[in-house]
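Grab a pencil and work through the exercises below. Try each task yourself before you read its solution.

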Amino acid sequence: MIRSSVDAAVGETMEAEATAVELLSQINDILTYEDQTTSEMKLELPAQVLAEHAVNTRKTQKLMYTQLQVLKFLLDFLDSAPRIQNASDSAVRKEMEEAKKQWKVLKADYQQQVEAIKGTVPQILAKQEEVQGRARLLEEALQRYRAKKEEVEEKARDAQKRHLKEQELLRERHQQLEQQVAELQDRLQKQQKELECLQREVGEQETQARIWQEKMQRVSDFQCLLESLQGVKVICVSENDMEVELTSQPQPEISAPRGLKLRIHWGEDGNVTLQSGSPSFLLPGEIPLGTCSTIKGVLLELQHSYSQQAQLLAEIELLQNCFAIDWQPEKRLLSYLKPSSTCSLYVESGYPASGQVRLFSIKTQQGTVDVTSYKPPQEKPSLQNWLIYLSTMDFNTPFPT
């Protein structure tokens, strides 16, 4: 039992000794490397980098110091262990004493290095601040120089721009004067040409005046012809337009005869166009076209068509005051609007002389109603008879049979 404990203690002592020797060797290598690198870095690196390197070295040395404390603790622990009386025990103690001496020497050297670093760092930081201050002053001076240089360059550019602008203005003014002189010369030539043109136009206008006098004579003769026709009144006449008023025979229901204004225009190609003053009047489909020589035929056709429609238009105008009706001359349909239905009457051509009025359709809210069952009592009912009859009928109720 004692033998095994002694062997264990000897093994631990030898292991601790090997660890201590290895640590001491590493510390010597590190210190040697630090001395070499520090001297080289002082010559090559700036102050800020050296300060950071010193701080990192300080941290490394603190870590090594902590490891040495642990080693001291192990050595003290081994010294307090039971002594073994043999030849190896004295050798171990000597090596431990030498290790302690080396450790103390390393510790003293470490303290000196720390003190040297502590004394060097403030100087390095002071020099660094001084260098930074000078760098700031140089930067400020450089900025002022650059600002002054930019200001001078800007003034030079402005002066050059003003000079160029003045030259450009002078060139433009010179060009304007040249253009004005050229324009005045051109204007003088144009006025001379215009004077010649005006002289020629005076001669042309005189010729045109003679032509107009001849046209006015023809128009005056044509007006006399129109006034000689019954029911045609000329309102105004121009070179290519003429406005006339057609009158019909007096109707029994209307005291004064009805009038219809028409505007006739004939173009340079000989085509005649008509414009009616009443939307209810349906223009005839066949109208002779041509030059002034055919205007008489056009008026005769219009007068004949209006005389046939005048009585119908007069009756529709009279019924519009009593019933809600809408006349579609193109389809010849008269729509009668009731509150709940719409009735359509078809007026045959020639009414009232020869044509009749027929019930065309009846539309209610329910749909279309059969028209064959509805007819006024008169044998040949007029528009008024139809409207009075339809106003009394209710198409929503079944028709009595």
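## Exercise 1: The fold

Task: work out how many helices and strands the chain has, and in what pattern they come.

Solution. Start by counting: the protein chain has five helices and nine strands. Next, read along the sequence, and you get α-α-α-β-β-β-β-α-β-β-β-β-β-α.

Before going on, note that this is a predicted model, where local features need pLDDT of at least 70, side-chain atom pairs count only at pLDDT 80 or more, and totals for chains, interfaces and linings use all residues. Residues are numbered from 1 along each chain as its sequence is written, and side-chain values use heavy atoms, leaving out hydrogens and water.

## Exercise 2: The cores

Task: find which residues touch the most other members of the largest nonpolar core.

Solution. First, the term: a nonpolar core is a set of buried Ala, Val, Leu, Ile, Met, Phe, Trp, Tyr and Cys residues joined through side-chain atoms within 4.5 Å. Buried means under 20% relative accessible area, exposed means over 50%, and partly exposed is in between (1.4 Å probe, protein chains only). Now look inside: the largest core has 41 residues, and Leu345, Leu383 and Leu390 touch the most other members. Helix H4 (residues 295–319) is the top contributor to this core, giving nine residues. Domain 2 (229–321) and domain 3 (325–392) each supply at least three residues; the domain bounds come from an automatic or database domain assignment.

Then zoom in on Leu345. Leaving out residues up to four places away in sequence, Leu345 touches, among others, Arg332, Phe360, Leu383, Trp386 and Leu390 (contact means heavy atoms within 4.5 Å). Finally, there's a second, separate core of seven residues, including Leu71, Leu75, Leu78 and Trp103.

## Exercise 3: An arginine in a loop

Task: say where Arg332 is found, and whether Arg332 is buried or exposed.

Solution. Step one: Arg332 is in the loop between strand E5 (325–328) and strand E6 (333–337). Step two: check the backbone, where Arg332 has a positive phi of about 55 degrees although it is not a glycine. Step three: the relative accessible area of Arg332 is 16%, so Arg332 is buried.

## Exercise 4: Cysteines

Task: find how many disulfides the whole structure has.

Solution. Look for pairs of cysteine sulfur atoms within 2.5 Å: the search finds zero disulfides. Cys322 comes out at 62%, so Cys322 counts as exposed.

Conventions: Helices (H or I, at least four residues) and strands (E, at least two) are DSSP runs, numbered from the N terminus.
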